[in-house]
Amino acid sequence: HVPVAVSALLSAPVQLPVVSVVRDAESQLLPDVGAIVTCKVCSINSRFAKVHILYIGSTPLKSAFRGTIRREDIRATEKDKVEVYKSFRPGDIVLAKVISLGDMQSNYLLSTAENELGVVVAHSEAGAQMVPISWCEMQCPRTHAKELRKVARVQPEFLQT
């Protein structure tokens, strides 16, 4: 006969260790296809603009992701006539949409081919923040010089006060 205490131990369910996954509330967001992102233009050439993605929607990223806006993804119309240097300059802040997750270097492909997308902040050669005067031009408030850009028609929800 087995003592009662031993019998109770043998018939009791085995307590397995509990493994849990705790996610950091501050975990890094990843840009997804269709997301609107805010990025800074790093460099341009005749085929594309290289950017650093700084925000997904209104959420700031802990570390920037690299992105590319190809010449053919800058505008919705007359894509063959687009010139990158007439659309963006290094230092510009641009609203863009993620169209592809890109390649091994996590280089996201972005588009500004909508009226709401494009340059939202640009500085003139004089260092002043320029004012948009049309969908394709911004003007320096100091020198009144005009510079070509693919200007975003900023929606009220994206304006930060």
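Biologist: How many bridges join β1 to β2, and do they run parallel or antiparallel?

Modeller: This is a predicted model, and in it β1 and β2 form a hairpin with three residues between them. One of the pairs puts Val37 across from Ile56 in β2. The two strands run antiparallel, and the number of bridges joining them is seven.

Biologist: Is Thr38 buried or exposed?

Modeller: Look at what Thr38 touches, leaving aside its neighbours within four places in sequence: His52, Ile53, Leu54, Tyr55 and Gly57 are among the contacts. Its relative accessibility is 16%, and the cut-off for buried is under 20%. Thr38 therefore counts as buried.

Biologist: Over on β2 and β3, which residue of the hairpin takes a positive phi?

Modeller: Strand β2 covers residues 48–56 and strand β3 covers residues 59–70, and they pair in the antiparallel sense over eight bridges. Within that pairing, His52 has Arg66 in β3 as its bridge partner. The hairpin has two residues between the strands, and the one with a positive phi, near 60°, is Gly57.

Biologist: What is the bridge partner of Gly67 in β5?

Modeller: Here we stay on β3 but look at its pairing with strand β5, residues 108–111. Three bridges join them, and the two strands run parallel. The partner of Gly67 in β5 is Tyr108.

Biologist: Let's go to β4. Why does Val94 count as buried?

Modeller: Val94 is found in strand β4. Leaving aside its neighbours within four places in sequence, its contacts include Val37, Val41, Ile69, Phe88, Val119 and Val120. Val94 counts as buried because its relative accessibility is 0%.

Biologist: How far apart in space are Val94 and Leu117, C-alpha to C-alpha?

Modeller: In sequence, Val94 and Leu117 are 23 residues apart. Val94 also has contacts with Gly118, Val119 and Val120. C-alpha to C-alpha, the distance between Val94 and Leu117 is 7.3 Å.

Biologist: There's an aspartate in a loop here. Is Asp92 buried or exposed?

Modeller: Asp92 is found in the loop between β3 and β4, with β4 covering 93–100. Beyond its neighbours within four places in sequence, Asp92 is in contact with Cys39, Lys40, Val41, Ser87, Val119, Val121, Ala122 and Arg149. With a relative accessible area of 1%, Asp92 is buried.

Biologist: Which residue's side chain does the side chain of Asp92 join in a polar contact?

Modeller: Two lots of polar atoms are worth looking at around Asp92. The backbone nitrogen of Arg89 lies 2.9 Å from a polar atom of the Asp92 side chain. The side-chain to side-chain polar contact is 2.7 Å, and there the partner of Asp92 is Arg149.

Biologist: How much space lies in the second largest pocket?

Modeller: Start with the lining of the second largest pocket, which has 13 residues. Glu114, Asn115, Trp135, Lys150 and Val151 lie nearest its centre, and by class the lining has five nonpolar, four polar and four charged residues. The space in the second largest pocket is about 230 Å³.

Technical notes: Residues numbered from 1 in each chain as written. Predicted model: local features only at pLDDT ≥ 70, side-chain atom pairs only at ≥ 80, totals over all residues. Heavy atoms only, no water. 1 Å grid on protein atoms, 1.4 Å probe; cavity = no way out; pocket = protein on both sides within 12 Å on 5 of 7 lines; lining within 4 Å. Points joined across faces, edges and corners; volume = space filled by probe spheres on them. Nonpolar A, V, L, I, M, F, W, Y, C, P; charged D, E, K, R; others polar. Pairing = 2+ DSSP bridges. Helix = DSSP H or I, 4+ residues; strand = E, 2+ residues; numbered from the N terminus. Buried < 20%, exposed > 50% of the residue type's maximum accessible area, 1.4 Å probe, protein only. Polar contact = N/O pair within 3.5 Å; in protein donor to acceptor, adjacent residues only side chain to side chain. Contact = heavy atoms within 4.5 Å.
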